[in-house]
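Subject: Structure handover

Hello,

Here is the structure you asked to look at. My notes follow below it.

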Amino acid sequence: MGYFDTLKVEEQVSYLIKPILEVLSQASTPLKTSEIRSRIIQLDTNIAEFANTEYTSKRTGNKYKKFTIKFGLALKELIVLDLVNRQAENKTLILTSKGRSLNLESLDVEKDIREKAQPYWEEKRKKVKKQQSKERDMYKEESRRICRAISNSQVSDFSWYKMQVGDIVTYKYNSVDDTHIGEFGLGYNVDAGENQPSGAVSCIFQVVDYIEVLDVSEKEGSTKKATSKQNNILKKTIVLRCVHVFNEPISKAHIDNWFNGSGQMNLQSGFICITDEKANIITERLKALAPQLSTNIDSKKILLLENKQKDPLQVIFYGAPGTGKSYSIGSLIKRSYPGYTEYDDNPYVFRTTIYRDYSYFDFVGNIMPVTKAGKVSYEFVPGIFTTALCTALRTQDRNLDVYLILEEMSRGDIASIFGDVFQLLDRNDDGKSMYAINNKSIYDYLISNGVIKAGHKIIIPSNLHIIGTVNTSDQNVNVIDTAFKRRFDFKYVGVDPIKVEGESDKYINDFDIDFTGTDTYKYKWVKLYQAINHVIINDLGLTEDKQLGPFFLKNKKDDKLNREQVADKLLHYLWHDVERVSYKNGSLFANGIKSFGQLYSEFKNEKNIFSESVIKEYENL
């Protein structure tokens, strides 16, 4: 506990007043607020300790510094009493003639400053009380609510400037408990974007979901360890969806002008609900700026966006290695969430990889031992399917698509993995399961999460999309039976390169690979893999399953790393899985290369490794 913690609230303000006056009296020029803070911290070790101490808000859980608040109150009293003047042109502070006339040695802060400032605070309290009463009345009217959420690089990992209509963000601030699904708000950027200003609103969002997340709040060095849910706090995280992007960002100053001098937009906390008269003003402005949203802003109904999938998807992408099956999946997901990448924390995209020992219990869930308060009990722990199903049922009326991605479906016994869930894959014209199933474990889990009512059977809703991939060149894989295939659309992903959108002669994932340290054997990847594919089909007499796709190698944006993936990945595949299974006389590699060890050594020594056929075909492209 520091010295300031032993003082009462009013005493903390009083303590700061005289140091502020001393700093201003010693200054030869007007000072900025930050300069005054810095100098009083240097003057007094107690103040320095107070300035560096962080406190935690009991209401929001956010960190803050009491010093900043008390310093502001002390400075405000000096300005109110006309002892300090804030210069409008540059916002610096200087003592007035009245302030300069003070005798600081004999100054009685309580009598000469604090008591004289009380009439100002009493009038301020009356205004606040009147405003709070007005806000309470308005709070009863749900239409008089609008939200504001801040993106700030210091406390969040996203920017509203990067959001497109349909994109979502999970907002992890603590002050969101009084928010309701359907409410609209302003996306405010603290930081500047690319060619965009800082301190501006760039979009309108809508609250579309709540998600419970574990808050692991143990500090480093603590002897306690958060090992299970009961040791942590389940906190609600709201999901915000961008529903409108302004052509030009709206500055805070411009928004403050909407209020005609009656106030400013509050920038405290990360997320707030505005319920006073400003909410009415902002709401009417938003309806004028985005008239297509007017009805939904008034009703708070979830906005139905055009980028939602029109039909439920049950698709399997299949093709040779590196053809872009995952890229194709990403393109599908971007129809719903335009800014989606595989690295996003999107709560509506679930992904797993099937393997030989992957089972029904991994996929659907299993009864597992769980320790609570030192006692062991057994509970159903949901698998990825049940988790995705629960999310889809919860959000089916909110225009949100949920994706379940199953990579490498042919590597496991897929019929056994799906089990009774297989019955749900037949969909009716509305996109829902034609046939329901009875599964007590899934049923109890869905009931406990409030997404179905008692007596309802289990079905897949129309907003749950199941997408899989199959690598046709894999060896020792399981056969997917006809009945299962009938319930999926099979989409072939070919080996052709993918052009950059809007560019006729540029391709995605094209890059240079230096094979020999000279320009003679520096290859463009897109041309090289096509040349190799030509030789695989025409000279080696193999099927297209053995060909390469444009993403077999990915640009590491580093010459050394790109060479390493050629040695460790490309050469290994071409020698063991392609060259060795051919019974024709053709070859991918130069004459004289008789073993993989020799091939690897030749490449490491920067010698040409490709056959005349590959080089000739490369030159023809």
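Start with helix α12. Its buried residues are Ile384, Phe385, Thr386, Ala388, Leu389, Cys390, Thr391, Ala392, Leu393 and Thr395. Buried means under 20% relative accessible area, exposed means over 50%, and partly exposed is in between (1.4 Å probe, protein chains only). Ten of the twelve residues of α12 are buried, so the helix is largely enclosed by the rest of the structure. From first C-alpha to last, α12 reaches 17 Å, close to the 16 Å expected at 1.5 Å a residue. That expected span is 1.5 Å times one less than the number of residues. Helices (H or I, at least four residues) and strands (E, at least two) are DSSP runs, numbered from the N terminus.

A word on the basis. This is a predicted model: local features need pLDDT of at least 70, side-chain atom pairs count only at pLDDT 80 or more, and totals for chains, interfaces and linings use all residues. Residues are numbered from 1 along each chain as its sequence is written, and side-chain values use heavy atoms, with hydrogens and water left out.

Salt bridges

Side chains of opposite charge can pair when their charged atoms come close. The rule here asks for a side-chain nitrogen of Lys or Arg within 4 Å of a carboxyl oxygen of Asp or Glu. By this rule there are 13 salt bridges.

One of them joins Asp209 and Arg398, at 2.6 Å from N to O. This pair links distant parts of the chain, 189 residues apart. Asp209 is in strand β8 (residues 200-215), and Arg398 is in the loop between α12 (384-395) and β15 (402-407). Asp209 counts as buried because its relative accessibility is 1%. Arg398, at 15%, also counts as buried.

Asp298 and Lys287 form another salt bridge, at 3.0 Å from N to O. Asp298 lies in helix α9 (residues 294-299) and Lys287 in helix α8 (residues 277-289), so the pair ties together parts that are eleven residues apart in sequence. Here Asp298 is partly exposed at 43% relative accessibility. Lys287 is buried at 16%.

Glu408 pairs with Arg411, and their closest N and O atoms are 3.6 Å apart. Arg411 is partly exposed, at 35% relative accessibility. Separately, Glu10, Glu77 and Arg114 are linked in a network of salt bridges.

Charged patches

Patches take residues with over 30% relative accessible area and no salt bridge; like charges are joined within 9 Å, and nonpolar side chains (Val, Leu, Ile, Met, Phe, Trp, Tyr) within 5 Å. Lys and Arg count as positive, Asp and Glu as negative; His and the chain ends are not counted. Each charge is placed at NZ of Lys, CZ of Arg, CG of Asp or CD of Glu. Accessible areas come from the Shrake-Rupley method with a 1.4 Å probe; for residues, only the protein chains shown count as cover.

Lys76, Arg86, Lys91, Lys124 and Lys127 gather in a positive surface patch. Lys127 sits in helix α6 (residues 109-139). Lys127 counts as exposed, at 55% relative accessibility.

Glu11, Asp108, Glu110 and Glu115 form a negative surface patch. Asp108 lies in the loop between α5 (97-100) and α6. At 37% relative accessibility, Asp108 is partly exposed.

One last residue

Lys604 is in helix α18 (residues 596-604). Its relative accessible area is 43%, so Lys604 is partly exposed. Lys604 and Phe515 are 89 residues apart in sequence, and 8.7 Å apart in space, C-alpha to C-alpha.

Best wishes
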